[in-house]
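User: Hey, can you walk me through this one? I'd like the overall picture before we get into details.

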Amino acid sequence: MTVLADYTAEEQELIRHAVASAAIAVSAASPGRKEETVSEGYAAADLVLKSQPRFVSNTLVASLIVQVEAEVQAGRAFPDYVERVSSPGAFDEAMILLGRVNPLLEAKSTPEEAAGYKRWLVEIAQAVAEAGKEDQGFLGRGGVQVNDAERSAIEGIARTLGVEVPKAP
């Protein structure tokens, strides 16, 4: 069993930032209106906070969720999601960070915990992609739930983390 506290402070930051990076990569791959990006950020946060019951047996994920919940309860301000997504190089930076977390997990966590954490990151990416319609036309008409750029980002995240690429929604 591995918990977040088993990692150094620097490693903990990397693991924590990977959660946001999974979301940011998808949003940055297909920039939309500000309202869409806000919805995507909310979808990621909602999935993180509601997934603890499913991950009670994965002590790494569970300990990370507990820490995030404590920060929310304490009223900690989180970085502006829209600002992070729209910053130059956001997609590339997120993918680089996700690539750095993979060997760390494999070195310090059990294979089951590492795999569960990585699948959870892909779930977060999927929730972001499904948060709102993309490629809408005039007055929000048309569009698709998950566009090709988002699907490609999810596939890239899964490959980077070494987990199975999810089936297209």
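This is a predicted model: local features need pLDDT of at least 70, side-chain atom pairs count only at pLDDT 80 or more; totals for chains, interfaces and linings use all residues.

User: What does the C-alpha trace span along its principal axes?

Analyst: About 50 × 35 × 30 Å. As for the inside, 46% of the 169 residues count as buried. If you take the contacts with a separation of 6 or more, residues 24 or more positions apart account for 73% of them.

User: Switching to charges: how far apart are the mean positions of the positive and negative ones?

Analyst: They are 3 Å apart, with 16 positive and 25 negative charges in the chain.

User: Let's look at H5. Which of its residues are buried?

Analyst: Ala90, Ala94, Met95, Leu97, Leu98, Val101, Asn102, Leu104 and Leu105.

User: And what covers them?

Analyst: The cover includes helix H1 (9-29), helix H3 (59-73), helix H4 (81-86), helix H6 (111-129) and helix H7 (148-161).

User: What span should H5 have from its residue count?

Analyst: At 1.5 Å a residue, the 19 residues of helix H5 (residues 90-108) should span 27 Å. The end C-alpha atoms of H5 are 27 Å apart, which agrees.

User: What about H7, which residues are buried there?

Analyst: Glu150, Ala153, Ile154, Gly156, Ile157, Ala158 and Leu161. Those buried residues of H7 pack against H1, helix H2 (34-50), H5 and H6. The length of H7 works out too: its 14 residues should span 20 Å at 1.5 Å a residue, and its end C-alpha atoms are 20 Å apart.

User: One more. Where does arginine 84 lie, and is it buried or partly exposed?

Analyst: Arginine 84 lies in helix H4. Arginine 84 has a relative accessible area of 28%, so it counts as partly exposed, since buried means under 20%.

User: Which residues is it in contact with, beyond its sequence neighbours?

Analyst: Leaving aside neighbours within four places in sequence, arginine 84 is in contact with His17, Ala20, Ile24, Pro79 and Ala90. Ala90 is also one of the buried residues of H5.

User: And how far is arginine 84 from glutamate 112?

Analyst: Their C-alpha atoms are separated by 31 Å, and the two are 28 residues apart along the chain.

Conventions
Residues are numbered from 1 along each chain as its sequence is written. Side-chain values use heavy atoms; hydrogens and water are left out. Helices (H or I, at least four residues) and strands (E, at least two) are DSSP runs, numbered from the N terminus. The expected span of a helix is 1.5 Å times one less than its number of residues. Buried means under 20% relative accessible area, exposed over 50%, partly exposed in between (1.4 Å probe, protein chains only). Contact means heavy atoms within 4.5 Å. Lys and Arg count as positive and Asp and Glu as negative; His and the chain ends are not counted. The place of a charge is taken as NZ of Lys, CZ of Arg, CG of Asp or CD of Glu.
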